[in-house]
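This report looks at how parts of a protein chain meet one another. Keep the sequence and the structure in view while reading.

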Amino acid sequence: MEDKFSVPTKVREAYDVIVVGGGIAGISAAVAAGRLGSRVLLIEKGILLGGLATVGLISWYEPLCDGEGTQLIGGIGEELIRLATSVGYDNLPEEWGGTGHKFRRNRRFSSHFSPTFFALALDGFVKDAGVQLLFDTRATYPVMEGNRCTGVLTENLNGREFYPAGVVIDASGDAGIVSRAGIPCEGGVNYLSYIAHSYDISSIASAAESRDLVRFRHWESVGASCSGKGHPEGMKTFRGDSAEELTEFVLTGRKMLFDKYRDSDKDTRDLMMLPTMPQYRKIRHIVGKTVFLGVENDVPCADSIGWTGDFRHAGKRFSLAYSTLYHPDFPNLLTAGRVISASGEGWEIVRVIPTCALTGQAAGTAASLAVSSGTDVPALPYEKLHAVLEKNGTIFR
């Protein structure tokens with residue numbers, strides 16, 4: 001049958017590393033590769049960097065420590081919390097470099113931050129690493145020769161284009177590229193959750209009196225918590241892997257928020273911001289060489305890319321394996337962030353900002369080393385990766 005929908009495709013310049021997704025994982029991957037001298041393209045479907053941390057309004061940088069006073073994550077993960085808290089308000093504890101006078105619920109190495117100022121600062125953070133940015137662009141399909149990815153197809157104002165690449169990193173949050181490449185994936189379950197930022201007369205007064213903007217910007221939440229408590233009775237859960245379901249998820253959340261405010265006094269409150277991306281927690285992850293389950297507390301792995309804690313519980317310490325970032329049958333594809341090979345409790349642990357930065361830095365470093373040495377991703381000597389990660393701030397216990 002004749003293909004009536006074929007469109008011209010322009011071949012663009014080649015890159016050593018292409019990163020799909022400009023959230024925290026993608027930023028960390030692109031910056032890590034760029035700093036090592038690779039030619040890097042970062043493709044983002046929106047026009048702001050930061051993903052859920054900025055346009056998704058989840059503006060709490062979860063802990064980089066174990067909750068018992070020991071820092072677990074350094075490198076780019078620490079650079080980013082320092083950046084976020086240097087350009088806007090924060091409530092970083094004094095023992096981790098904060099002023100110590102802001103409202104806190106605990107003393108962990110974490111902080112609230114301004115999503116707007118963080119987004120502004122991220123542009124320079126990425127550009128300073130020599131990374132080429134491409135906004136308002138969707139990376140639609142990987143182009144495969146067998147199991148090797150030769151590059152990605154994109155759609156934007158230019159039309160359809162093809163960017164050749166040495167290594168491609170999927171940091172999309174939905175595993176769209178690697179799943180279409182043929183890497184086996186598992187889907188997730190999402191409860192209906194919608195978070196906006198608000199302020200009202202009382203929060204204005206509280207912030208003015210305390211000079212603490214954390215008291216000004218409220219997270220206004222409807223629907224479910226992380227555990228599913230509050231999910232509307234009788235409502236289905238959401239996989240998040242189709243456009244139709246995404247639309248339903250967003251519209252339902254917005255309606256619930258509007259209904260919550262409909263009868264309130266309009267002269268005493270306002271919504272500061274609405275999220276401009278769906279606030280899914282878990283969409284898809286790969287099934288890689290190793291699957292992180294989140295039960296391996298204090299157990300080092302032979303190919304560790306660093307350690308992370310559990311943002312929900314103090315005293316947890318997990319070593320993450322390089323082999324969670326790839327499938328052994330695909331020589332030049334990597335993942336970063338919440339799409340890595342992690343299941344169950346492990347998926348809950350890796351989906352948050354610090355761990356996304358940790359896996360992003362590891363993926364970007366591995367991609368750059370693989371390209372520069374002419375090595376396939378699964379065959380990259382671990383000792384070489386470990387040495388570069390440690391030199392660039394990754395903490396190995």
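## A buried charged pair

Asp66 and Arg317 are both buried. The model is predicted. In it, these two residues form a salt bridge, and their closest N and O atoms are 2.9 Å apart. Asp66 is found in the loop between strand 4 (60–61) and helix 2, while Arg317 belongs to strand 16, so the pair ties together parts that are 251 residues apart in sequence.

## Other salt bridges

Side chains of opposite charge can pair when their charged atoms come close. The count for this structure comes to 23 salt bridges. One of them joins Arg351 and Glu348, with 3.0 Å between the closest N and O atoms. Are these two partners buried or exposed? Arg351 has a relative accessible area of 15% and is therefore buried, because the cut-off for buried is under 20%. Glu348, at 9% relative accessibility, also counts as buried. Some salt bridges share partners, and in this way Asp66, Glu68, Asp298, Arg317 and Arg397 are joined into one network.

The salt bridge between Asp267 and Lys266 has a distance of 3.5 Å, N to O. Here Asp267 is exposed, with a relative accessible area of 60%. Lys266 is exposed too, at 62%.

## Aromatic pairs

The structure holds 8 aromatic pairs. Trp96 and Phe109 make up one of them, and this pair is stacked: the ring centres are 4.6 Å apart, and the angle between the planes is 5°. Both residues lie in the loop between helix 2 (75–87) and strand 5 (111–112), so their pairing ties together parts that are 13 residues apart in sequence. Trp96 and Phe109 are buried.

Phe292 and Phe318 also form an aromatic pair, but this one is edge-to-face, with 5.6 Å from centre to centre and 75° between the planes. Phe292 sits in the loop between strand 14 (284–286) and strand 15 (304–310), and Phe318 sits in strand 16 (residues 313–321), so the pair ties together parts that are 26 residues apart in sequence. Both Phe292 and Phe318 are buried. Elsewhere, Phe238, Phe249 and Tyr280 form one aromatic cluster.

## Charges over rings

Aromatic rings also meet charged side chains. Arg39 lies over the face of Tyr15, 4.4 Å from the ring centre. Arg180 has its charged end over the ring of Tyr141, at 5.0 Å from the centre of that ring.

## Helix 3

How does the span of helix 3 compare with what its 13 residues should give? Helix 3 covers residues 115–127, and at 1.5 Å a residue it should span 18 Å. The expected span uses one less than the number of residues, because it is counted from one end residue to the other. The end C-alpha atoms of helix 3 are 19 Å apart, which agrees.

Which residues of helix 3 are buried? They are Pro115, Phe118, Ala119, Ala121, Leu122, Phe125 and Val126. These buried residues pack against several elements: helix 1 (24–35), strand 3 (40–43), helix 2, strand 6 (132–134) and strand 11 (193–200).

## Cysteines

How many disulfides does the structure hold? The number is 0. Cys185 is in no disulfide, and the nearest cysteine sulfur, in Cys149, is 14 Å away. Cys185 has 27% relative accessibility and so counts as partly exposed.

For Cys301, the closest cysteine sulfur is that of Cys356, at 17 Å, which is too far for a bond. A disulfide needs the two sulfur atoms within 2.5 Å. Cys301 is partly exposed, with a relative accessible area of 24%.

## Positive phi angles

Asp136 has a phi near 50°, a positive value in a residue other than glycine. Asp136 is in the loop between strand 6 and strand 7 (138–145). With a relative accessible area of 43%, Asp136 is partly exposed.

Asp298, a member of the salt-bridge network described above, has a phi near 60°, which is again a positive value in a residue other than glycine. Asp298 is located in the loop between strand 14 and strand 15. Its relative accessible area is 34%, so Asp298 is partly exposed.

Technical notes
Residues are numbered from 1 along each chain as its sequence is written. This is a predicted model: local features need pLDDT of at least 70, side-chain atom pairs count only at pLDDT 80 or more; totals for chains, interfaces and linings use all residues. Side-chain values use heavy atoms; hydrogens and water are left out. Rings of Phe, Tyr and Trp (its six-membered ring) pair if their centres lie within 6.5 Å; planes under 30 degrees apart count as stacked, over 60 as edge-to-face and the rest as tilted. Helices (H or I, at least four residues) and strands (E, at least two) are DSSP runs, numbered from the N terminus. Buried means under 20% relative accessible area, exposed over 50%, partly exposed in between (1.4 Å probe, protein chains only). A charge sits over a ring if NZ of Lys or CZ of Arg is within 6 Å of the ring centre and within 35 degrees of the ring normal. Contact means heavy atoms within 4.5 Å. A salt bridge is a side-chain nitrogen of Lys or Arg within 4 Å of a carboxyl oxygen of Asp or Glu.
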